[in-house]
Amino acid sequence: KRMNLLIVLLALCGGLLAQSITLPPSGNNQKSVVTQYIGSLAHVTIIYNSPDVTAPNGDDRSGQIWGQLVPYGMAANSFGTAKEIPWRAGANENTIIKLSHDVMVQGKPLKAGKYGLHMIPKENGPWTIIFSNNSDAWGSYFYEEKDDALRVEATPEASEYHEWLTYEFTDRQPNS
């Protein structure tokens, strides 16, 4: 009887604790996954929530993404523990990149594993791409620079219009 009572009390307490957690709205962003093989063994997988240019209420946000919806530089944080945050390279949860093998990124080594993918966009000049050892955080809200596995810079290039945030592998080579 005592064990059953303890189990019931734990279940009730767990339910009460779960109700007190507040999460940011999802914005109806779709979960997306893309995997690309490099050669016949190595592969890269990106798991992300894909926001679209059209807001959930139907407003067209064309021309309002970079520098507005996604601020340039580090953004002020009003949800988690970090004071300033990079863009989480997607929406909602952490964007995750998984590497099956050790790789070189912009000439720098990165070990095989699972990383949180973050970016610091800039209006002019290269963006900072961050591979964080913390791949389980909720977006960038709890980002800490001490968790960085690697930071590199990449210069953005113009591309054709996409309604949804899309990661794709456009320059596929047998070994890169």
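A nonpolar core is a set of buried Ala, Val, Leu, Ile, Met, Phe, Trp, Tyr and Cys residues joined through side-chain atoms within 4.5 Å. Buried means under 20% relative accessible area, exposed over 50%, and partly exposed in between, with a 1.4 Å probe and protein chains only.

**Entry 1: the model.** I noted that this is a predicted model, in which local features need pLDDT of at least 70 and side-chain atom pairs count only at pLDDT 80 or more, whereas totals for chains, interfaces and linings use all residues. Residues are numbered from 1 along each chain as its sequence is written, and side-chain values use heavy atoms, with hydrogens and water left out.

**Entry 2: the chain.** I found one helix and ten strands in the chain. Helices (H or I, at least four residues) and strands (E, at least two) are DSSP runs, numbered from the N terminus. From that end, the order of the elements is α-β-β-β-β-β-β-β-β-β-β. Of the 176 residues, 35% count as buried. The chain exposes about 11,500 Å², and carbon and sulfur atoms supply 55% of this area; accessible areas come from the Shrake-Rupley method with a 1.4 Å probe, and for residues only the protein chains shown count as cover. I also looked up contacts (heavy atoms within 4.5 Å). Among those between residues at least 6 apart in sequence, 55% join residues at least 24 apart.

**Entry 3: the core.** I recorded 22 residues in the largest nonpolar core; Trp87, Ile97, Leu110, Leu117, Met119, Phe131 and Tyr167 have the most contacts inside it. Strands β2, β5, β8, β9 and β10 are the elements that give two or more residues to this core. Met119 touches Pro86, Trp87, Ala89, Trp127, Thr128, Ile129 and Tyr167, not counting residues up to four places away in sequence.

**Entry 4: strand β5.** I saw that β5 (residues 91-99) is mostly covered, with seven of its nine residues buried. Two strands pair if DSSP finds at least two bridges between them. Strand β5 pairs with β2 in the antiparallel sense over five bridges, and Ile46 stands opposite Ile97 in β5. Strand β5 also pairs with β8 in the antiparallel sense over five bridges; here Leu99 stands opposite Gly113 in β8.

**Entry 5: aromatic pairs.** I counted six aromatic pairs in the structure. Rings of Phe, Tyr and Trp (its six-membered ring) pair if their centres lie within 6.5 Å; planes under 30 degrees apart count as stacked, over 60 as edge-to-face and the rest as tilted. The ring centres of Tyr48 and Tyr167 are 4.7 Å apart and the planes are at 85 degrees, so this pair is edge-to-face. Tyr48 lies in strand β2 (residues 42-50) and Tyr167 in the segment after β10 (148-154), so the pair ties together parts 119 residues apart in sequence. Both Tyr48 and Tyr167 are buried.

For Tyr115 and Phe131 the ring centres are 6.4 Å apart and the planes at 85 degrees, so this pair is edge-to-face. Tyr115 lies in strand β8 (residues 113-120) and Phe131 in strand β9 (residues 127-132), so the pair ties together parts 16 residues apart in sequence. Tyr115 is buried, with a relative accessible area of 6%, and Phe131 is buried, with a relative accessible area of 6%. Ring pairs also link Trp66, Trp87 and Trp127 into a cluster.

**Entry 6: Asp147.** I located Asp147 in the loop between β9 and β10. Asp147 is buried, with a relative accessible area of 19%. Not counting residues up to four places away in sequence, Asp147 touches Phe131, Ser132, Asn133 and Asn134.
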